There are 2 protein chains.
Amino acid sequence: MVGRRSLKGDYCPSARSLDVIGDWWSLLIVRDAFDGLTRFGEFEKSLGIAKNILSDRLRTLVSRGILELVPAREGGIRQEYRLTEMGRDLFPVMVALRQWGERYLFGPQEQRSSLVERETGMPVRLDIRAQNGRPIGPDDTMILKVPSQE
Amino acid sequence: MVGRRSLKGDYCPSARSLDVIGDWWSLLIVRDAFDGLTRFGEFEKSLGIAKNILSDRLRTLVSRGILELVPAREGGIRQEYRLTEMGRDLFPVMVALRQWGERYLFGPQEQRSSLVERETGMPVRLDIRAQNGRPIGPDDTMILKVPSQE
DNA sequence: TTGATTGGTTTTATAATGCAACTTAAAAGA
DNA sequence: TCTTTTAAGTTGCATTATAAAACCAATCAA
């Protein structure tokens with residue numbers, strides 16, 4: 001590899017997002033962070049990731065504003081990795097990935113973790129709607145490219 | 001690398017999804033497919049991806065059921081890559097990535113492509129709701145792990 | 001039927017990844 | 001206080017994935 005082309009300058013927001021969080025590990029770390037993990041060792045154990053890679057990914061996620069390094073809390077913890085607002089706003093991405101995986105990557109009887117509303121225990125729903133609230137699919141939409149890109 | 005650990009057996013649907021589409025290129029190819037691209041050369045030109053990598057990714061996406069290889073359409077086209085239903089169902093993932101990128105990865109005046117409803121030209125909205133329709137965020141939810149995982 | 005285009009494969013170089021061993025500093029224990 | 005343990009990395013090396021470019025075969029246009 002001579003160096004991956006950056007998509008920072010791409011006019012497509014999806015492309016820029018993937019440029020920032022589109023590698024193998026970053027979203028898995030974010031998933032674990034949503035799940036309440038905060039410490040280096042917790043991520044390491046949960047993901048089975050090599051220490052140097054985890055170190056690099058955490059550093060990158062912090063530098064990009066998705067995680068922040070909180071110096072300490074109580075009881076001897078040195079530092080914690082916590083989701084920033086930017087990181088928490090990846091919630092819809094995680095939910096969308098989860099829904100797709102549930103539908104296509106599990107057998108009918110297969111056990112899976114599930115995301116539920118805290119109060120009711122009912123599953124969470126994600127849907128795409130037009131401004132008027134009507135649910136829509138890909139065929140109801142189109143991409144407006146920026147002029148210079150055409 | 002000695003071979004990335006597969007997450008096929010993970011109980012978390014997000015993890016399995018990332019195992020399938022979590023590499024650098026796959027979702028970019030899917031994005032282009034949503035945008036109407038179907039031919040090898042179109043993807044190559046749009047993404048600036050090396051041919052061997054594109055070839056490998058397309059083969060993988062087909063083998064996983066996200067794209068399908070349609071033999072021909074009209075006028076001597078050899079073959080086309082088209083989204084399957086499984087692939088089209090990645091739409092919410094793409095929209096979620098797009099919304100996040102729009103919010104955090106563009107300057108206020110910066111040009112960007114936008115996803116709009118075809119009929120009205122109005123932007124598309126994505127939201128997460130409880131079963132009763134109330135919009136909710138990450139703090140309103142929790143993960144139910146499978147028993148054996150605990 | 002010749003030349004160009006499409007859709008790849010092969011080859012080779014380099015960057016990313018993973019593993020294991022090592023380091024450092026803080027926490028816990030005696 | 002001094003030692004031991006643990007957490008959180010860093011470093012070095014082997015391996016794999018990726019990229020670029022050259023090559024190749026089947027179409028397609030003329």
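Residues are numbered from 1 along each chain as its sequence is written, while chains are lettered from A and ligands numbered from 1 in the order in which they are written. In this predicted model, local features need pLDDT of at least 70 and side-chain atom pairs count only at pLDDT 80 or more, but totals for chains, interfaces and linings use all residues.

**Exercise 1. List the elements of chain A and describe its extent.**

Step 1. Helices (H or I, at least four residues) and strands (E, at least two) are DSSP runs, numbered from the N terminus.
Step 2. Chain A holds 6 helices and 5 strands.
Step 3. Read from the N terminus, their order is α-α-α-α-β-β-α-α-β-β-β.
Step 4. The C-alpha trace of chain A spans about 55 × 45 × 30 Å along its principal axes.
Step 5. Of the 150 residues in chain A, 32% are buried (20 or more other C-beta atoms, placed from the backbone, within 10 Å of the residue's own; exposed means 12 or fewer, and partly exposed lies in between).

**Exercise 2. Check the span of helix α4 of chain A.**

Step 1. The expected span is 1.5 Å times one less than the number of residues.
Step 2. Helix α4 covers residues 51–63, which is 13 residues, so it should span 18 Å.
Step 3. The end C-alpha atoms of α4 are 18 Å apart, which agrees.

**Exercise 3. Work out how chain B is related to chain A.**

Step 1. Superpose the copies by least squares on the C-alpha atoms of residues with pLDDT of at least 70 in both.
Step 2. A rotation of 180° with 0.0 Å of shift along its axis places chain B on chain A, with an RMSD of 0.1 Å.
Step 3. The two copies are therefore related as by a two-fold rotation axis.

**Exercise 4. Describe where the chains meet.**

Step 1. Two residues are in contact if their C-beta atoms, placed from the backbone, lie within 7 Å.
Step 2. Chain B gives 68 residues to the contact and chain A gives 67.
Step 3. On the side of chain B that touches chain A, α6(B) supplies the largest share, 14 residues.
Step 4. Because 99% of the interface residues of chain B are also interface residues in chain A, the copies meet through the same surface.
Step 5. Strands join too: 4 bridges link β3 (residues 114–117) of chain A to β5(B), and the two run antiparallel (strands pair if DSSP finds at least two bridges between them).
Step 6. To find the spot, look for A:E117, which stands opposite B:T141 in β5(B).
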